[in-house]
Structures are given as C-alpha cells and as structure tokens.
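Good morning, and thank you for making time for this presentation. Please have the sequence and the model open while I speak.

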Amino acid sequence: MVELRNITKDMMTVVEGSYAVAHATKVCKPNVISAYPITPQTHIVEELSQFIADGEIENCDYINVESEFSALSTLVGSSATGARTYSSTTSQGLALMHEVLFNASGMRLPIVVTVVNRALSAPINIWNDQQDSVSERDSGWIQLYAEDVQEAADMVAQAYKVGEDPDVMLPVMVCMDGFLLSHVYEPVVLLEEDLIDDYLLPFDPKYKLDPKDPKTFGAFAPPASYTEFRYAQEQAMSAALDKIEKAADDFYDVFGRYYGGLIDEYKTDDADIIIMAKGSIIGTIRDVIDNLRENGVKVGLLKVRALRPFPKDAIKEVVKDSSVVITLDKNISPGVNEGALCTETKACMYNSDINVPVIGYMIGLGGRDIPEDTIENIVDEAKEVINSGISTESQFTDLREDLI
Amino acid sequence: MKESLFCSGHSGCPGCCDAMISKFVLRGIGENCIVSTPTGCLEVMTTPYPDSSWNVPWIHSLFENAGAVASGIESAWKAMNKDDDTKFVVIAGDGGTVDIGMRSISGAFERGHDITYICMDNEAYMNTGVQRSGATPYDASTTTSPAGKESFGNELPKKNMPEIMAAHGSPYVATASLAYPKDLMKKAKKAADIEGPTYIHAHAPCTTGWGFDTSKTVEVGKLAVQTALWPMYEMENGEITQVRKVKNPKPVEEYLKLQRRFKHLFTKEGGDEEIKKIQETANFNIKHFGLQ
C-alpha cells in the first residue's frame, strides 16, 4: 500500500512532472548528463540545463549530444570512468539507443535513464503508450514504472540505489507515461536535498577507467566465456529483486514515502478479480475499484513497479487465491496478440499450482484516452470468465469499427 | 614508465598495421591516457577475454560510437576534477571512423572535447573480410567492390576525412604513416598535448587485406608516401603548416604492383589507363600539398 508519512501541504509545491524529475536528478548529484531533445521528454533536459546554467549542480558536465545514440554512448564512457550518469529519452530515441542499451548492461554500468513513455512510429505518434520501453525488456536494464509524478521523481533516487548496488551493477530505466505524467502539474514534495546523503552513497565502482590502475573494458568474449557473462547478468537481475524492495523500504525510512516495492497492492485481500497494470493508468484503476467496491464487486489492483526483473513470486502470491486476472497493457507484440504483462503473467503461473485464468487487453495505444467505463466493462467481462470461462484470451480495447 | 603499453601476444596477423600504429601512438603519448577503440580488428585481436594487450585503461563499446564514448570519458574526468594531464585517445579503424562512426566523431569534434582521435586507415573493412569502405581508394579490388570483367574495382575516390575534421574547427589535424614511426610518435604526442579535439589519419597497410608479403608492411607504407599517394602533412586551425617533402616521387606503379588488390591493373586490358588516373591523383597531391 502507498504510504505517505507526515506529508503536509506546506511541504508540497505544484510543479510540472518533468521539473520534479529533473529536480530529483539534480539532488542525486550526477557527474555527467547527456541530452538530446525529443517530445515528450524534452522538458526534463531543459530543466536540467537551467540547473547547470544557474550553477546548481556541482561537479557535473552537461553534454548536448548529436543523437540519442550518442546520448547513451557518452554515458557508457562516463559511467566506466566512475561517474554517476543520467539521461532521459522516449520512443524513437530509445529505439535508436537499442544497441547501446545491451552494451551498457553487458558492461554492468549503472546508468539511469528516465524513459518518458511514448508510442513508436509508424504511424508517427507523439502520445503515450509503453511500447518503447516494453520493447527493450530483453536489453538487460532494470525497468521501473511510476504511477504518478511524485513516484517518477522519487524513483530516480531509488534507481541509483538499486543500480549502483555492488551486487547489482545494472543500468535502470525509470519509466513515466509521456504527457500524462511528464506534462501535468501536480503538488509534489520535491526530493529533499538535505536527506539524500542518508539514502544514497556516492558512486564508487570497484572497476573504472584510470591510468593508475589500467583495466580493459568491453573485451571480446569468445564462446568459451560469453555464456558466463550472460549468466552473471541474470544473477544480477535476480539479486535486484530484493534490492528493489529494500530501496523502497529505505526510501520510506528516510523520506516517508512508499509506493510499493516490486509491486503494490490495493484491495486485493479478498479480491476475486485482480487488475494488473503499470504506469499512470493505475490512478484510474484505483478509482474504478473504489466505485465497483461500493457495488460489492470484489476487485483489487496489482500494480507492477518492476517489469525487469519480473517479480514472478510476488505476482503469484497476490493472484493465487483470485478467480480471474485482468492484464492491461499499453503495448502489443504483433503476432502474439498480447501485451507483455499478459504473456509474462501467464508464463509465470504455468508449471505452478496456480490455475487462475488470465485475460489481456491492449489499451491506451498511441495516447487513446482510457475512460473509467472502459475498465468497468473489462471487469464485467472478467465476471463472465468466472462464470463461464475464457472466450477471448487477449484483445484490443475500444476499437473504432468505423476505421477498420 | 612501463616496459610496454601495448603488449605482445595478441592475435594480429604477422606484419599487422593496427599493432604497429597502436604501439607507436602509445609510445608517443605515454601511459597517462585512457584509450577508446571501436569494434574492429584491433579490439578483437587485443582483448580475447581474459587476456588484454593494453597496459593503459582501454574501453571498447560499439562500432559507431567511439567519438561519443571518448567524449563521455573526458567529460566525466573533468567533472570529477581529476588531474588534467590525462589524455583521452581514440584508436579506430577507417570503417568505424569515416563511415559508421561519422555522426559520433562529428559530434565529439563540434563539441570541442579534449580528445585525440587516431584513425588507422587500412582502406577497407578488414575485420569482416576486406569489404569496401568510404576510405577505399580508386580501383582497389575488395570483396564488395571486386575487379571483374567489367570493373576495375572500387569506382569512387577516398573520402577526404582530414579535410572534414579540419572543417570542424579542429586545432590540429595530421596525416601520418606506420612507415615513419618517429613522425607518428611525434604527431601523436603533439596532438594529445594540444587542447581540443585533434585528429591523425594514419596510413595502415594491411598485409591480409591488400595482399602483400607480411615482411613488407613498412615498405608498402613508405612507397605510398614516396609516390605521393599518401601526402604527409599537418594542419593547424585549418591551415597546412608542415609537409613532408618528396623530392623525387616514384611512379605509382611501384606502390601498386606490390599489392594483390591492384593486380588487375597490370593484367587486365585498359589497366594502363587506370594507372594513369591514379598517377594523376599523385600528381595532384604533389601540386596541392607542395610536396616537392
């Protein structure tokens, strides 16, 4: 459950989501920030450039690069040199980084990138869905998804805490929905500068580029050793499961704010129907659940904060006594006709004692609005599944028949 | 000073140009540097895990991003207030520089990072088996621009990378050759000592890709300079300031005939005319750079 301790109105400021994230980044004291403009993430790097222009981030270089490919490539060099590093991107920019994503995770560089989620072209579309980051879930990056502006900002600190842990040493994407979170103004507590040192240690990696102690980074691994590097990455992801929980707990101890660890739950204890989702849609789902609960519908929420590592055990524990699970995905794997949560939730229950039906919905693609009615209708369909089994396992939501 | 900054035991071919250039560059610049290398022969032959030939800190990231990686290292180093004598060096091949790495090197130079970029130009993609690059010279036969019944090989001239880097406002651009190691070492040190992005384009005869005896790497390199096909010059702030004179230029045949990649010019009908065209390039160089 989300918990906010001793948060009073006078601690809060109304700011744009991008500002809150940029501010949190500043508080985390990065040494190198790389920036390339792309809608809807641009406000974050603009705000950071203003902090730099005003001399508000010490020991930090801000690089205006010539592409997203170089935005991440510069950070590979910086992180290997022992710098704390940050960039933000979205959609086409993240896709352009694809090759570098695998490289950064393979070299175990704990870079943090805010991904302001946006649809992928074609057709070109600047609005929100999560196809961009979901498509990179095999890239070896930890992926965290924020529900609101406060969480997106605070998650930056949590990302450094998890990624830089010596047992993890992996890059982290902090994902926040484009426009819906990046461009809205919400009252937030700006990440507290005076508390950060109680939470985040300075980055001091065991291995770095230094003429005093020459090391080789990015070596060529033949078949005799490549597999073990991949195994080590998986071990690090596995270690990150506990570290993400602990980073959330420690954050609560220091700052008094908690949004869940790997997952969060809302009214799941007695729920027959569990709705799974990630990102800003969670707020809408909470309202729908409150409404339906008033009418006696036993429905609860499983909010997925970490898509990678995928919290299989945590998910199974929540859904095991339910009657049906609904997955809402702002992404699709064409040819599977499913979003990632649908496929992966089913997969983690297979070979277990849990036998709960899962139905999936592709929803909110390319920024399509998600009214409460739509989710209520989906819950009605879930009730039918309880009564008479699955008729459609996974489907698009609110399709416009006039365009098909 | 360590005994050798670039150690033997790597898996480069006998007579390998990359190994020679890397060794000379490090000898010129010294141990206080961090080297980035894009994907290519040099990376493959020097770092088969768990071995490494590098006695300086070294990083390989990808094929097309060495300029950006070096930018990030330099930025991080300066942001963290580390000692400012450390040099930031890229040692790259021609494919990773003039073709796929173009965006990244252009960005790094435009931003003015204090890096020294060494391009070892062996005039084709050697690591993947001698395919044509933007640096492949006119009429060279490669596996993707082969000579044939209706072709004399690569139909296009080399991309003029030193001019492009000078046009970025680089304070120091030079050409060099592995056949003149003292000159190469001197230029590498000079480039590293000059603040800002500096560039050295080094001729790198490749025994495997060009098809000459493994004992003749230096000889082929010298002939390129002596025929004026590889003019050696320095540019400071866009102006040519030094040129290595070639008093009595040799005919280009002497350079071409040693190499399998130009063999068709001597066996195929019309080859004479093609050699004349290549001689014109040398003649142009003599005049343009004032080599005599």
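Predicted model: local features only at pLDDT ≥ 70, side-chain atom pairs only at ≥ 80, totals over all residues.

The crossing of H1(B) and H7(B) is right-handed. On the H1(B) side the contact is made by Ile21(B), Phe24(B), Val25(B), Arg27(B), Gly28(B) and Ile29(B). H7(B) contributes Pro181(B), Leu184(B), Met185(B), Ala188(B), Lys189(B) and Ala192(B). Sorted by class, the residues of this contact are 9 nonpolar, 1 polar and 2 charged.

I turn now to chain A, and to its helix H1, residues 17-27, with helix H7, residues 149-163. Here the axes come within 8 Å and cross at roughly 20°. H1(A) is therefore roughly parallel to H7(A), given that angles under 35 degrees count as such. This crossing, too, is right-handed. From H1(A), the residues Gly17(A), Ala20(A), Val21(A), Ala24(A) and Thr25(A) meet Val149(A), Ala152(A), Ala153(A) and Val156(A) of H7(A). The contact of H1(A) with H7(A) holds 7 nonpolar and 2 polar residues, and no charged ones.

H1(A) also packs on helix H2, residues 42-53 of chain A, at an angle of about 45°, with the axes 8 Å apart. H1(A) and H2(A) are therefore oblique to each other. The handedness of the crossing between H1(A) and H2(A) is right-handed. The H1(A) residues in this contact are Ser18(A), Tyr19(A), Val21(A), Ala22(A), His23(A), Thr25(A) and Lys26(A). Facing them in H2(A) are His43(A), Ile44(A), Glu47(A), Leu48(A) and Phe51(A). By class, the contact of H1(A) with H2(A) has 6 nonpolar, 4 polar and 2 charged residues.

Next, the salt bridges. Side chains of opposite charge can pair when their charged atoms come close. Over all chains the count comes to 41 salt bridges. One pair is Lys29(A) with Asp197(A), whose closest N and O atoms are 2.8 Å apart. Lys29(A) sits in the loop between H1 and strand E3 (32-35) of chain A, and Asp197(A) in helix H8, residues 196-199 of chain A, so the pair ties together parts that are 168 residues apart in sequence.

How many salt bridges does the rule find across the interface of chain A and chain B? There is 1 across that interface. A salt bridge joins the side chains of Glu66(A) and Arg111(B), at 2.8 Å from N to O. As for the extent of the interface, 41 residues of chain A are in contact with 41 residues of chain B. The area buried between the two chains is about 3,000 Å², and carbon and sulfur atoms give 63% of it.

I close with the backbone. Thr39(A) and Pro40(A) are joined by a cis peptide bond with omega about 5°, and Pro40(A) lies in the loop between E3 and H2 of chain A. In chain B, the peptide bond from Tyr49(B) to Pro50(B) is cis, with omega near 10°. Pro50(B) belongs to the loop between helix H2 (41-46) and strand E2 (58-59) of chain B. Finally, Asn337(A), a residue other than glycine, has a positive phi near 60°; Asn337(A) is in the loop between strand E16 (324-329) and helix H12 (340-349) of chain A.

Definitions and conventions:
Residues numbered from 1 in each chain as written. Chains lettered and ligands numbered in written order. Heavy atoms only, no water. Left-handed = near helix turned anticlockwise from the far one by under 90°. Helix = DSSP H or I, 4+ residues; strand = E, 2+ residues; numbered from the N terminus. Contact = heavy atoms within 4.5 Å. Nonpolar A, V, L, I, M, F, W, Y, C, P; charged D, E, K, R; others polar. Buried area = accessible area lost by both parts, 1.4 Å probe. Salt bridge = Lys/Arg side-chain N within 4 Å of Asp/Glu carboxyl O. Axes fitted to C-alpha atoms, helices over the stretch in contact; angles between N-to-C directions. Parallel < 35°, antiparallel > 145°, perpendicular 65-115°, else oblique.
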